Amino acid sequence: DVERARREDFDPDASAEEGGPWIRVLGTKTHDESGVKMSAPAELVEVLAPRWRELDPGRPLVQPWPHASSALTRLCERLGVPPVTANVCRHTFFTWGVAANGYCPELVEIGRWKSPAMLLKVYAHAMPTRHAEVVRKLETLAKRPRRG
């Protein structure tokens with residue numbers, strides 16, 4: 001998603017009144033062009049800010065990385081770690097997000113899904129135990145015999 005970002009999709013110098021440094025996540029997987037503006041972690045700001053300061057408007061924020069998944073897989077092989085793809089990184093992000101926060105509309109927005117159904121379908125396994133208990137109670141209630 002970052003590969004399509006332009007200079008205008010990042011501001012490492014945003015003031016505290018503006019919410020501090022931010023980045024716009026464009027949602028290439030869902031073909032959503034509007035993106036979501038979110039707080040940029042300090043580590044990301046540290047890496048991207050020097051390039052951002054050199055860029056003209058409209059220029060790509062990062063250099064293209066052709067065949068990211070295959071390049072990532074080869075890098076993992078060289079490092080001797082299990083192979084990882086770009087999609088695995090996305091899946092890990094949302095799994096950790098659900099594990100930390102349960103279902104929340106912010107994750108749906110960041111993932112650029114049209115509805116919460118995909119988040120719930122794919123990442124429900126990561127919901128905290130307290131959420132799982134609520135779901136079990138609702139399931140029991142739904143399966144109870146009804147009158148009339």
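Predicted model: local features only at pLDDT ≥ 70, side-chain atom pairs only at ≥ 80, totals over all residues.
Residues are numbered from 1 along each chain as its sequence is written. Local features need pLDDT of at least 70, side-chain atom pairs count only at pLDDT 80 or more, and totals for chains, interfaces and linings use all residues, while side-chain values use heavy atoms, without hydrogens and water.

**Exercise 1.** Find how many disulfides the model has, and check cysteine 76 and cysteine 89.

*Solution.* Start with the rule: a disulfide is a pair of cysteine sulfur atoms within 2.5 Å. Next, apply it: the count is zero. For cysteine 76, the nearest cysteine sulfur belongs to cysteine 89, 8.0 Å away. Finally, look at accessibility, where buried means under 20% relative accessible area, exposed over 50%, and partly exposed in between (1.4 Å probe, protein chains only). Cysteine 76 is buried at 8%, whereas cysteine 89 is partly exposed at 40%.

**Exercise 2.** Describe the aromatic pair of phenylalanine 10 and tryptophan 52.

*Solution.* Rings of Phe, Tyr and Trp (its six-membered ring) pair if their centres lie within 6.5 Å; planes under 30 degrees apart are stacked, over 60 edge-to-face, and the rest tilted. Here the centres are 6.4 Å apart and the planes make 85°, an edge-to-face pair.

**Exercise 3.** Which residues form one aromatic cluster?

*Solution.* The members are Phe93, Phe94, Trp113 and Tyr123.
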